[in-house]
Amino acid sequence: MPAPEREFRLDLVGISHHRTPVEVRERVAFDLEGAAALARELAGSEGEAVVLSTCNRTEVYAVGADAERPFREAGVESVVYRLHDEAAALHLFRVAGGLDSMVLGEGEILGQVRQAFEAGAPGPLLDRLFRQALHAGKKVRTQTAIAESPASVSAAAAALAQQVFGDLEGRRIVLVGAGKVSEQAARNLTSRGAEIAAIAGRDLTADPEQLAEEIARADVVVSSTSSPGFVLTPRHVRARRGRPLFLIDLAVPRDLDPAIHQLEDCYLYDIDDLQAVVDESLAGRRREAERGEGLVAAEAERFRAWQASLDVVPAIASLRARAEEIRAAELEKLARRLSDDERAAVESATAQIVNKLLHLPIVRMKEAAVTADGVIYAQTVRHLFGLSEEDR
Amino acid sequence: MAELLFWPALFAYGEAAFAYAGEARRPGTFGRPAIWGVRLGWLAQTALLVVQAARADGFPWSSWGGALNLFVWLVVSAYLIWGCRPRFGLLGLAVMPVAALLLGLAYAGGGIAGSGDHPGALLALHVVFMLAGFAGLTLAAGLAGFYLWQERSLKRREARILRLRVPPLESLERLTGRTVAVSLAVLTAGIVFGLVRFATDGGSFDAAMGATLVAWALYSGAVAARLHGRRLARASLIGFAVVLAVLPITHFA
């Protein structure tokens, strides 16, 4: 026997970085405004739709709307994935938790899910789905350590600086050379409160005294020049007297003499050291992702139970309405033969009979709703009591 | 009644010690049961001390077992100031097994009995201040050990360094310095009470006093010299080694 169709079916159609290259993804990529307009258009007056479009994925979540349309129009329908109901919910929860991201556990996606939800055209089902997805995403980030470890060399450098200093507020950074990589590392540090105190170009590196002066006042040194030899040696570093100095060498060939690392209170990390930290932290992210999968699976189960309960609600309402209709009609036939007191007594007694008769079937339907049998029960009740589609 | 409170305290400290070991192996897994073990154990032990104080006819912690009981409570109290913060959680791996072991020893030494003696206010103050000072120095040693471990990890450029949630190096140094300074002040007060009692009641200068003064001089030297970083951490550990010698001499001999 084929599984009965749900009354409120959730559809997901999408493409992502897992199976589709960027030249295909870009054909169905939307900015936030475009995604909002598309969602409204797909939802129309009766349906629901939310379009999530990032650089790694475009996904359409829809209820009572044609989720495939944008992919069909772009001619990419052969590479899309299609998921429904619980599987679609689980997928969105994984996406919100960063478990489906290119960089496992990255946090930007949660904000993108929120923006897509706010810009979309959700109804009762998608509203519930996306709120639960945001909750699930937060849960993965707060209840696992997936987001705590750095996923890039520049983030690793900033995390190590925090390991030395704690709060980076007001810490002085000296940039030696200003390449793209060192800029990225500096941005990671300044976003945590550190300040760029000096940018040492060729003029400064040519003057060892001035460079030593700057470094004496610095807490962090980030170096990335194209110099063939060492730009900084132990003679540039004065005694720190308990003030740690964290040095990041992002250049190849290296800018900073490894002998600096032997000085007291000096910690020098080159590109290989940072890469090793990143590799280890990505392995840690994979371990944490396993815990995250458990959390989103539990959320998906909650969503499934809630969605299943939707199947029986209209049937219960129709059943109550039909019973009340019959009771009222029979009572009307008796009305002329009864005094006011008798009528009140009969009304009360019939109401109690109806309620008691319906109580157990309704309880059973609600129980069935949280299992897979909700739709079957709803259809059976409609059939047995002759409840038409219009009664819904 | 005291027995009823002792066993939950010992069990909770033991549970915390095991949970911290589990947390060190699999970070993020056992942190919560560990800190709750410390909290519940501390509450049970606090109640135990209150019951002892209420029942005793006199000062109940002047025996070595009683002093050990009070010492454990002071160490755990000091630990709880920072231990609740996730980054300081692993300090519990150094503190809680020792706390559980010493509490067990205190029990074996009759330290939870309700009886007491009448040593006089000066001696009671001397004991309490000395134990509080030593408890603080024990914690400072734990922080110093933590500092040296982390400093070594940074120097070795260990790839796993970010895996365990530990306090930043500078925070550890700052806390070690502050804990030593505060504990030294408390220890000084304890020594002063002891000297006043010595002057009024008389007695002879013994090895315990000598060892205490050596430890005090060491810590005072470290504070006066404004040591920092590795040197401060090493001085704290050396001072603690002397404290380890002082405690058995004064209470177990």
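Trainee: What makes strand S3 (residues 57-63) of chain A count as mostly covered?

Mentor: In this predicted model, seven of the seven residues of S3(A) are buried. A residue is called buried if 20 or more other C-beta atoms lie within 10 Å of its own.

Trainee: Which residues of S3(A) point one way, and which the other?

Mentor: Arg57(A), Glu59(A), Tyr61(A) and Val63(A) point one way, while Thr58(A), Val60(A) and Ala62(A) point the other way. Residues on both sides are buried.

Trainee: How do you know that S3(A) is paired with S1(A)?

Mentor: Two strands pair if there are at least two bridges between them. S1(A) and S3(A) have seven bridges, in the antiparallel sense, so they meet that cut-off. One of the pairs is Val13(A) with Val60(A) in S3(A).

Trainee: How many bridges join S2(A) to S3(A)?

Mentor: Six bridges join them, and the two strands run antiparallel. Here Val51(A) has Val60(A) in S3(A) as its bridge partner. S2(A) and S3(A) form a hairpin, with three residues between them.

Trainee: What is the order of the strands in this sheet?

Mentor: The order is S2-S3-S1-S4 in chain A, an open sheet of four strands with antiparallel pairing. Strand S2 (48-53) and strand S4 (81-84) of chain A each have a single partner strand and stand at the edges, so one side of each has no neighbour in the sheet. From one strand to the next, the twist averages 15°.

Trainee: What makes S4(A) a partner of strand S1 (residues 10-16) of chain A?

Mentor: Four bridges link S1(A) and S4(A) in the antiparallel sense, and at least two are needed for strands to pair. Gly14(A), for example, has Tyr81(A) in S4(A) as its bridge partner.

Trainee: Which residues meet where H7(A) touches H8(A)?

Mentor: Ser154(A), Ala155(A), Ala157(A), Ala158(A) and Ala161(A) of H7(A) meet Gln184(A), Ala185(A), Asn188(A) and Leu189(A) of H8(A). By class, this contact has six nonpolar, three polar and no charged residues.

Trainee: In chain B, why is H1(B) called roughly antiparallel to H2(B)?

Mentor: Helix H1 (residues 2-25) and helix H2 (residues 31-55) of chain B pack at an angle of about 160°, with axes 7 Å apart. Angles over 145 degrees count as roughly antiparallel, and that makes H1(B) roughly antiparallel to H2(B). H1(B) passes H2(B) in a left-handed crossing. The residues of their contact divide into 18 nonpolar, five polar and two charged.

Trainee: How many residues does each chain bring to the contact between chain A and chain B?

Mentor: Chain A brings 21 residues and chain B brings 15 residues. Helix H6 (residues 169-201) of chain B supplies the largest share of the side of chain B that touches chain A, three residues. That side has seven nonpolar, four polar and four charged residues.

Trainee: What is the overall make-up of chain A?

Mentor: Chain A has 13 helices and nine strands. Of its 392 residues, 39% are buried.

Terms used. Residues are numbered from 1 along each chain as its sequence is written. Chains are lettered from A and ligands numbered from 1 in the order in which they are written. This is a predicted model: local features need pLDDT of at least 70, side-chain atom pairs count only at pLDDT 80 or more; totals for chains, interfaces and linings use all residues. Axes are lines fitted to C-alpha atoms, for helices over the stretch in contact, and angles run from 0 to 180 degrees between N-to-C directions. Two residues are in contact if their C-beta atoms, placed from the backbone, lie within 7 Å. Ala, Val, Leu, Ile, Met, Phe, Trp, Tyr, Cys and Pro count as nonpolar, Asp, Glu, Lys and Arg as charged, and the others, Gly among them, as polar. Angles under 35 degrees count as roughly parallel, over 145 as roughly antiparallel, 65 to 115 as roughly perpendicular and the rest as oblique. A crossing is left-handed if the near helix is turned anticlockwise from the far one by less than a right angle, and right-handed if clockwise. A residue is buried if 20 or more other C-beta atoms lie within 10 Å of its own, exposed if 12 or fewer, and partly exposed in between; C-beta atoms are placed from the backbone.
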